[in-house]
Amino acid sequence: WVASAIAGVPVSTPQGTLFGVAPEAKLIILKVLSDKGSGSMAGVVAGMDDALVAAMRYACLGGGKRVRAALVLATYELAGGTVRERALQVGCAMEMIHAYSLIQDDTPCMDNDTLRRGKPTTHVPFGEAMALMASDGVQTLAYEVLAEGRTHPDGAVRLDIIKLFAQASGARGMVAGQVVDMAHETAPATGVDALRVMHMLKTGL
């Protein structure tokens, strides 16, 4: 919707995209984190520790508008994409990357937040160690989703997507932004440019 509004191209209505995609993205994540799913995911989850799966589900399936998945879908449609499932796979992976980063951001060693979206943060009911393991599980599961054939039939395209995700969320992107953010707790940023750099890194731009 944002992309279509800027470009002046009628892709999807705000209500249809922003609010319609949230349940779909949540459903895909639910299938991935359910032993009732299908394919290799189900086999992986079935062999995982129940507490780990519970913590991953807790972090991924709570509240939130899932705007990132909506923006992925809108951009895909704006570019002429017609296979909605592909965009939802990528949007789902992006939401999982976001969820893993929030788990870590809330832990006592970082922001030490105990509430998010009106409920206790993941480390409160599950403990800090399990929360960190859940964040690792959610992050790597995002790349497993991207690697699936349903994301795109061309393996080279899937590799490009995985590379872009890694660059935007890794040490040259979101992780670097979090490091800058933590540094500013003891040495506050001065000026708009410093804040802009931090925000660009944290959002993977």
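## Basis

Local features in this predicted model need pLDDT of at least 70 and side-chain atom pairs count only at pLDDT 80 or more, while totals for chains, interfaces and linings use all residues. Residues are numbered from 1 along each chain as its sequence is written, and side-chain values use heavy atoms, with hydrogens and water left out.

## Overall fold

The protein has twelve helices and two strands (DSSP runs numbered from the N terminus, H or I of at least four residues for helices and E of at least two for strands), which follow the pattern α-α-α-α-α-α-α-β-β-α-α-α-α-α along the sequence. Of the 205 residues, 36% are buried (under 20% relative accessible area with a 1.4 Å probe, protein chains only; exposed is over 50%, and partly exposed lies in between).

## Helices H7 and H9

Helix H7 (residues 84–106) and helix H9 (residues 128–147) pack at an angle of about 165°, their axes 8 Å apart, where axes are lines fitted to C-alpha atoms over the stretch in contact and angles run from 0 to 180 degrees between N-to-C directions. H7 and H9 are therefore roughly antiparallel (over 145 degrees; under 35 is roughly parallel, 65 to 115 roughly perpendicular and the rest oblique).

## Cysteines

The model has zero disulfides, a disulfide being a pair of cysteine sulfur atoms within 2.5 Å. The sulfur of Cys 92 lies 8.1 Å from the closest cysteine sulfur, in Cys 60, which is too far for a bond. Cys 92 is buried, at 0% relative accessible area, whereas Cys 109 is exposed, at 54% relative accessibility.
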